[in-house]
Amino acid sequence: MSSLSEIPLDERAATLRDALGSRVVFAGDPEYDVVRMPWNVAVDQRPFAVATPESAEEVIDIVRAATAAGLRVAPQSTGHAAAGLAESGLADVVLVRLSTLRGVTVHPDSRTAIVLGGSHWNDVLAAAAPSYGLTALHGSAGDVSVAGYALGGGVSFYARAYGLAVNTVRAVQIVTADGSLVRASAHENTDLFWAVRGGAGSFGIVVSLEIDLLPHADVFAGMLLWDASFTPAVSRAWAKWSASLPESVTSTLRVMNFPPLPELPPFLSGRSVVVIDGAILETNARAAELLAPLRELAPEIDSFGRIPASALVQVHMDPPQPTPAVTRHRMLSSLPEEAVAAFVAASEDPGLFVAELRHLGGAAARPAADAGAVSAVAGDYLVHGIAVPPVPEAVPAAAAAATALVDALAPWAGDGLALTFIDGGADRALGFGASIDRLRALKADGDPRNVFAAANPVGD
């Protein structure tokens with residue numbers, strides 16, 4: 001791919017300011033440190049400029065102005081996966097923050113929704129759940145952007161039953177490298193539609209997408225919690241239990257180390273706990289039958305029960321505000337007793353905030369019909385380590401702790417990665433699997449100047 005223009009940066013800034021006026025913010029402007037800040041505040045992203053559009057037309061203006069100035073462009077809604085984008089290099093990038101481009105229109109008859117490009121899953125749930133009794137293949141946190149999550153695969157608590165969220169995408173409206181607004185679907189711009197379902201930000205800025213919704217007004221879900229001293233017994237029981245479950249059950253095992261903070265609930269503050277959470281798409285009686293082996297371990301807290309589907313985003317206890325984090329993960333092809341023992345030992349690292357095993361497989365592992373570049377994740381389990389560096393100087397130690405957890409399970413790892421769990425790293429291309437060569441060819445054809453930077457780039 002050819003590089004962009006070598007115009008001096010001060011001339012590029014003047015060109016951009018002339019075209020966009022107050023819609024663009026540069027380093028040194030009072031607002032810069034606010035608008036450049038990602039959700040993952042461990043990442044010190046410093047783009048050349050930041051623009052915050054409020055419409056598709058303004059996105060077009062920004063892309064055209066940036067390319068005319070010899071600059072690159074990167075879409076970002078929330079910045080949960082900011083580390084990967086920062087690694088791609090931001091010195092000549094206009095960061096397009098889509099945080100104000102939000103809105104959802106639900107079509108209950110077709111069980112679909114039109115979602116603007118900066119919308120969060122909370123926006124979808126607020127529009128779909130109260131009036132229509134519908135939900136979606138959202139993630140474990142409601143403040144994650146729909147476009148970034150869904151177009152990067154999307155692993156939900158319904159994944160084993162319904163597959164990845166990317167397979168619910170029916171169409172996108174996307175601004176391409178030449179500043180055109182095009183629609184891509186199974187019938188229009190089909191190569192682009194294939195590529196963006198997995199390739200996401202490498203191919204343009206998605207200003208809206210159409211997604212399928214699910215017919216669940218409520219769901220049997222919750223968590224079981226024990227003191228961390230029960231981690232060996234609970235981990236062995238969960239591994240054995242999960243191996244025989246129907247696809248209607250998607251669950252997660254986590255060992256969590258909470259600092260002694262007054263804003264935390266007393267049952268968590270300053271404690272280490274082991275938690276099993278998830279969702280069961282069954283009747284109450286059948287769900288209780290399935291949970292019985294875990295309940296025999298006498299959890300300290302048992303919140304499993306019938307809840308509104310919109311409340312599922314609260315079950316996983318993800319932080320409600322921007323947080324510094326370093327994460328690593330790997331897909332696992334199996335989880336024998338030896339792997340469970342390795343996980344338990346590695347979870348004792350005090351540098352970890354969360355040591356996690358997610359049960360996948362089922363529909364999440366089966367490529368979908370009419371699939372895009374990514375439609376499944378190979379492997380029955382996912383190991384995920386999260387460390388929280390309180391200051392920038394602590395990032396290397398946090399990275400080492402998260403990496404050590406994943407490395408401990410390397411003997412049982414597969415070749416793939418789940419795109420929405422990738423937080424930078426040299427092996428990011430593994431998330432695209434066998435699609436990587438076609439993605440690179442389509443990128444070279446549709447964006448030969450490599451205008452779009454992405455958290456998980458498809459280019460070399």
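Is Phe 353 buried or exposed, and what is its relative accessible area? In this predicted model, local features need pLDDT of at least 70, side-chain atom pairs count only at pLDDT 80 or more, and totals for chains, interfaces and linings use all residues. Residues are numbered from 1 along each chain as its sequence is written, and side-chain values use heavy atoms, with hydrogens and water left out.

Phe 353 is buried, at a relative accessible area of 17%; buried means under 20%, exposed over 50% and partly exposed in between, with a 1.4 Å probe and protein chains only. Phe 258 also counts as buried, at 10% relative accessibility. The rings of Phe 258 and Phe 353 form an edge-to-face pair, with centres 5.7 Å apart and planes at 85° (rings of Phe, Tyr and the six-membered ring of Trp pair if their centres lie within 6.5 Å; planes over 60 degrees apart count as edge-to-face, under 30 as stacked and the rest as tilted). These two residues are 95 apart in the chain.

The structure holds 5 aromatic pairs. Another one of them joins Trp 238 and Tyr 381, edge-to-face at 5.8 Å centre to centre and 75° between the planes. Trp 238 is buried at 0% relative accessible area, and Tyr 381 is buried at 6%.

Rings also meet charges here. The charged end of Arg 197 sits over the ring of Phe 193, 3.8 Å from its centre, where sitting over a ring requires NZ of Lys or CZ of Arg within 6 Å of the ring centre and within 35 degrees of the ring normal. Likewise, the charged end of Arg 438 sits over the ring of Trp 194, at 3.9 Å from its centre.

Methods
Helix = DSSP H or I, 4+ residues; strand = E, 2+ residues; numbered from the N terminus.
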